[in-house]
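Before turning to the points below, please have the sequence and the model open side by side. The note concerns charged side-chain pairs.

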Amino acid sequence: MAACNSMLLYHFLGLASLAAVFYFSLLGEVNLRFPGLLPSPRSSMIQPQPHDASLPFVERRGVQLFLEDRPFYINGWNSYWLMAQSVETSSRHRVSGMFRAATGMGLTVCRTWAFNDGGYNALQLAPGRFDERVFQALDRVLVEARQHGVRLILSLADNLEAYGGKTQYVKWAWDEGVGLTASNDSFFFDPAIRDYFKVYIKALLTRKNHLTGVLYKDDPTILAWELMNEPRCITDPSGNTLQRWIEEMASYVKSIDRRHLLTVGTEGFYGPTSPPEKLSVNPGHWFNNYGLDFIRNSKISDIDFASVHLYPDNWLQKANLEEKLKFVAQWVSSHFEDGDKELNKPVLLTEFGLSRLVKGFDQSHRDAFYKAVYDIAHESAQRGGAGAGAMVWQLAVEDTVCA
């Protein structure tokens, strides 16, 4: 999803989030957060933390996620801006405030960006050159999350230009005279750019947190790595270029870190190898020429769980509420079915939302939308199915401008 350019207050989601907690609580023996961790004090000061090697990692067993011997379901949210707001002393309180507000609503997993390439307060200033000050900001996010009993899904890149994205990598290669083409999609096939990305991956995964002394690849606060937010390769609608890139980068991540889960970050559009009944689930023109192929992309052995996004207001702009809710049920159920029958992997709705800026928006529409999503996730969880949970897009504390 594109970066927001205005505030979204966390209290909008209180009712829906509490409903999700209620649903998952009905399942009995499930785990929603860290064992033995309590919310931190209301302080923006982060102190060095001792490493507790006993904290377990979330792992995959067939179509379900597990924490130790109990199924682990994700009731989560997106706040992509955490690292950026943790750089400056004056804005760090927003990170603490976001974790406090989210845990107060029963949310347990946050998806956020672990990249910022070439721009303001960039983590990666140039290929392989990093700003220690910004790395320490990400260190603080990990410690804050752990203190609040929250696990993180860390995204490694963006298809969009915000925070650099694949555009910045292509520009670096072009400026250095080693790029094959100025096309943004060369991110996926240019050998020099693929090497740039691997250097970044290695630096991130082997980073030692200055507050805990723990390497990121050894930190159970991190639930999973995500290769890219919403990857698309429009220059190759066959999907072969993107598939090769996913295979290569997934293998590289696993060569460094086999303890953490890994997902792709796709939106869930079905592609050329999908049967007609699956292609018919796609929302109109939204899947055309994106180079995506959900089942094929997600079947890669190094990918631990599949990711899906859901934006009926963007994808079905002329549809009424009833038509959108019908699509929501079909879209989510179809992908959970893929996890059960085709992938033998969990499927996580890593982004879903309904914008209040859409013409005719009513809060009751959002409530109905969220209820439809959580109902399907809960039904899947009840039967031990592939539905791993859902993560709303997105939350920010008051006075945060997240753009």
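**Notes on the salt bridges**

1. The side chains of Asp-302 and Arg-258 come together in a salt bridge at 4.0 Å, N to O, the term standing for a side-chain nitrogen of Lys or Arg within 4 Å of a carboxyl oxygen of Asp or Glu. This pair links distant parts of the chain, 44 residues apart, with Asp-302 in the loop between helix H10 (294–298) and strand E11 (306–310) and Arg-258 in the loop between H8 and strand E10 (261–263); helices (H or I, at least four residues) and strands (E, at least two) are DSSP runs, numbered from the N terminus. Asp-302 counts as buried at 16% relative accessibility, whereas Arg-258 is exposed at 60% (buried is under 20% relative accessible area, exposed over 50%, partly exposed in between, with a 1.4 Å probe and protein chains only).

2. The model is predicted, so local features need pLDDT of at least 70 and side-chain atom pairs count only at pLDDT 80 or more, while totals for chains, interfaces and linings use all residues. Residues are numbered from 1 along each chain as its sequence is written, and side-chain values use heavy atoms, with hydrogens and water left out.

3. Arg-194 and Glu-248 form a salt bridge whose closest N and O atoms are 2.8 Å apart. Because Arg-194 lies in helix H7 (residues 191–205) and Glu-248 in helix H8 (residues 240–256), the pair ties together parts that are 54 residues apart in sequence.

4. The structure holds 24 salt bridges, and Lys-278, Glu-337, Asp-338 and Lys-341 are linked in a network of them.
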